[in-house]
Amino acid sequence: MEKLQTFQRLKSPCVNLIQAVSNLTKEARSKKAIVRALEDLLKTLQDVTSRPDSLDSKSAEFVFVPLSHVLRASGLVPVRALELCLECISILLRTGWKGKVSPQLSGQLLILFTFLANPSSAENGIPATSEELQMRAFMCMAQLLDEISATPKGRISLTESNNIPALGKAVLVMVDSVTDVSSTQVKTQALTAVKALCSGMDDLDALASFLPRMISSLTKILTPSSSNRANFRLLELGLDTMSLLVSRILSDSATKDLPTAGTQKETSGKVVRTASWLQATAAQVKIALANVLKLRNHDKREVRQALLRLCLRVVQGCRNSLADCISMTIETLVTLAGRSGEQDTIESELKALLISESTLSGLLRESLHGWVISLPRLMQSKDDAGRRQIIHQISITLRLLDGEHTDLSMIDDLLAGNLRDSVSRVLSDSKNLNSLVTQPSTAMLHTEMVLGSSRSTTFHILRLPLKSQDDMMEEFGTLLNQLAQSKSSQKVVQDLIITIDSGSPEARLASYWLSVNLLKSMTTHNVAIEDFLDLGTLGLQAELQDELYAISLAKLAQSDFETDSHWHFQALALEVVALQASKYKQDFQVELIEALYPVIHLLGDPNSALRNHAITCLNIIAESCGYANASELVVANVDYIVNAVGLKLNYHDISPQAPQVLLMMMRLCGPRLLPYMDDLIGSMFSALERYHGYPKLVELLFSVLKGMAEEGVKEPLLMITASDDTLHQKLQSRPTTISDVVNMLNTLKREAEKPDAEHIDIGSFPKRPWKDTTKDKPENEEDSDEEAEDTDQRPAEPTTEVSPPVPKTFNVLLKISQLTQHYLTSSSPSLRTSLLSLLHTTIPALAKHEDSFLPLINTLWPVLLPRLEDPEAFVVANALDTVALMCTYAGNFMKSRIEGMWVDLKSIHRRTTTKGVSGRPHNGKMGSGGLNFMQTSEKGIMGAIKEDGVILRPEMYHEAPSKMIWDALVRLLTVVSGHVLVRDEYFDSMLDMLDPVLGQAHVRQALERRNPDAVWLHMIKKDDGELDKMKESLEKLRGQEKVLGQVSSGRVGWNFARLPVPLIEVKSG
């Protein structure tokens, strides 16, 4: 019933199609009618075949009848009609005939499909062709071959003698389309047809006759080139087709019983396979495979998997017939291993092959030997892909051969030397080795060395200038990781360590890098085994690590001028120290005596990568030794570091890092470190004495001393707030009155009226010494009475005030301050400023103990006073501030010194005022920024008028150096007035010098604290005098209105606004 329904549904479109074809020559619109009828038939077939087994062979033959009419009229129907017709036939082959096509019909269909698939058919029979038509034709051809080969009878009929010409033509069209057609879809369907033919033919001799043409066409599309970039799906299908073709014709099972050459002749166009044929074919296949195997580096996983299947079929099934191809096939398998996620599958296949066939292990070992020998040569080439590939092959092969009982002793002897030469060639890729070295920057001499906040315990990869170098070194790292798991690793490390100190810089670095990284990989892979087999004795690996640690420690301890030029030597040495610490854990603490300072020393290196390496190394050491962080490690072992720095300074080993280590130590430890550095200060000043001609180094050393001072003043006993007594502030003096004079005269008169006896009687002369050292009792009463009498007459011993205890830090600060006297005369202005700044830091802390502070002033004064005449303004200003600080804390002790330097102070005052100090206009009436005409003398105004009538205004020019010195002078005189009781004449001079700034509150208050009446009187005189002078000046200016209109243009590049100057009339009274 169902078949009847299917027939009824197919009947109508089939009849319509026959009618349309019959009217093809009668009606002009018949071509469109044919296309519509075919579309209707195709749609009906699709609907019918949507249900399984709904279309049988008889129904298929019924439908094929109208289609055959269309095919007979192929020269008249449009191309679209042929495409629809082939699409319908494809459905019939797939769902209707199902392998039941008769041999006669299959032969006719093969000829038809070959005709429609051939692009040249458009010139010989059909009006036009298209890619869609060719694709449908090859699709139907592949389906036809599959259906024919589904039955034994069909497979036999395919290679019958009468079908061989048609089959040959079909193969020719297939392979030509694979190589010549541009459409990827057409090529894909043509390859599908070729594959169906290869799998469907039982007669291997007939298939062998097509082999050369098929292999040639497949090789063309599978050989990678810049001009041939085939779709990866096409490549996958081509590799599978070649794999099938090789396995069917050239497999050992198919060629084991071939006859000898010349025993048979070719018959019916078929090739008779013989031993000589196999030998000739194998040579051609080897050439083809050599090109096809280049796809091993293809970026698509599907292509690599297809290539893997081809290689496995060659190795497994064609081991004898294609023996010459086995070596390169195994090399390709090794290359394919370890790529993305395919590593386990490919390696398991390879290991299975090596186990099953010992000869393959020998072949792989020979390949490995050749690769190792050619490694240094290939490293000289510019082909980065080739260089990476050979390194990858060696690493995979070592892993495959490990544990296979393969003797690799011959390779072990070559491996260390060739690895060294290869890495050396990679390092030499730069123009020269100097380009790999980071030159130290002088700016680093002034940077503080600090422990970063990073807690990283993983070293960063050491980068090289070129990206290709980094890629090569990464591949070598993978190789070393594989080598570490083999039995050859220990011998290779041993050979490399021997050559670390020999050869060129590149060769030494290559040996060192290989040794360190290989030993690290060995430690990672063998740590579990070593823990399990702990026999209490050192193995070869432990001995090698200790030897490498000794070499690394020696490299870190070398002076800067002794070290290798490449910073990677020190970075690798840090990695070895960290590796040793990780191995010995708490037991490594005994090594800190020698290892800690060289590591910290590199924290001051100008190379940021090396500093990061040093920080990571410290973190690893701290973690291994049980410290919470690197700072705690450094603080706990500060004595080792201080001793190391002291040795460097004492042995004239001066480098920027040593002082920076001290500075970092002080920042970490604070004041508690300073007592340990007492002897070190002497070494630093001794170094300063030897290297005083190097200003940068001297400044660096003094920056450390300043840091010591800044940390030292943080000592709790030195941070007590200064009292009024310590600051030596002088209270306001009381003026002398008439009553005081009368009382003084009365006192003198009473003293003069006393008799002479009162003045002469001074008591009896003592009979015993006032201080008797004997402790025995007196012998008689008389002596006792006399002693008692003498005791009464003995003057009372003065009671001495006990000074507070001096902390150890005080002595360090005092020593630093005392030694600055030798360098205040240095030629470096910045050094002189640093010294004065250092004194600013230490003086407040030292002033709390006058017994040491006052002698310090006496020591520094002879070298401090000449600094007031220094050519640099900031040095003069700092010197004035230092003197002011001494006056603050020493008080009247500075009286004679201040009075002695008064001439110098007046000289400084004259220099600053004549240059037009910006502080000169400051007064209480006009504010801090205004100009007060009332304080400008007649001499000042008239002196500004030149003969040419142009007014110069020097007070308008602001000199920065003079301003700096003037401000420092004002601060000094203000402090002197409040803390040093100088004589009145000096105080009056002080009032004159501070006259321009008496309007400032703090200056006036300081002066009034000494003598407010004098300040008041000075202000009154100043106002009256200026008023009179102003009157005279204005009278003179009335006759010079023209002059006032011409104002100086000032300095070059200065522009002043021209403002009218009104004349001011001053009325008396």
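Predicted model: local features only at pLDDT ≥ 70, side-chain atom pairs only at ≥ 80, totals over all residues.
**The whole protein**

Begin with the entire protein displayed as a cartoon. The protein contains 47 helices and zero strands. Of its 1069 residues, 49% are buried. Consider next the contacts between residues at least 6 apart in sequence: 76% of these join residues at least 24 apart.

**Helices H5 and H8**

Select residues 103-117, which form helix H5, together with residues 164-180, which form helix H8. The two axes come within 10 Å and cross at roughly 30°. Angles under 35 degrees count as roughly parallel, and H5 and H8 are therefore described as roughly parallel to each other. The crossing in which H5 passes H8 is left-handed.

Now show the side chains where these helices meet. On the H5 side, select Leu110, Ile111, Thr114 and Ala117. On the H8 side, their counterparts are Ala166, Leu167, Lys169, Ala170 and Val173. Colouring this contact by residue class gives seven nonpolar residues, one polar and one charged.

**Helices H10 and H13**

Move to residues 204-222, helix H10, and residues 275-292, helix H13. These helices pack with their axes 9 Å apart, at an angle of about 15°. That angle makes H10 roughly parallel to H13. Viewed for handedness, the crossing of H10 and H13 is left-handed.

To display the contact, select Ala208, Leu211, Ile215, Thr219 and Leu222 in H10, and Trp277, Thr281, Ala288, Asn291 and Val292 in H13.

**Asp470**

Select Asp470, which is situated in helix H20, residues 467-483. Is this residue buried or exposed? The relative accessibility of Asp470 is 14%, so the residue counts as buried.

**Gly707**

Continue to helix H31, residues 695-712, and select Gly707 within it. With a relative accessibility of 2%, Gly707 counts as buried. Which residues does Gly707 contact, apart from its neighbours within four places in sequence? They are Leu663, Met666 and Arg667. Select Leu838 next and draw a distance between its C-alpha atom and that of Gly707. The separation is 8.7 Å, although the two residues are 131 residues apart along the chain.

**Asn1011**

The last stop is Asn1011, found in the loop between helix H45 (1001-1010) and helix H46 (1012-1037). Asn1011 has a relative accessible area of 24% and is partly exposed. Show the side chain of Asn1011 and the backbone of Ala1014: a polar atom of that side chain lies 3.2 Å from the backbone nitrogen of Ala1014. Finally, select Ser977, which lies 34 residues from Asn1011 along the chain. The C-alpha atoms of Ser977 and Asn1011 are separated by 9.2 Å.

How values were computed:
Residues numbered from 1 in each chain as written. Heavy atoms only, no water. Helix = DSSP H or I, 4+ residues; strand = E, 2+ residues; numbered from the N terminus. Buried < 20%, exposed > 50% of the residue type's maximum accessible area, 1.4 Å probe, protein only. Contact = heavy atoms within 4.5 Å. Axes fitted to C-alpha atoms, helices over the stretch in contact; angles between N-to-C directions. Parallel < 35°, antiparallel > 145°, perpendicular 65-115°, else oblique. Left-handed = near helix turned anticlockwise from the far one by under 90°. Nonpolar A, V, L, I, M, F, W, Y, C, P; charged D, E, K, R; others polar. Polar contact = N/O pair within 3.5 Å; in protein donor to acceptor, adjacent residues only side chain to side chain.
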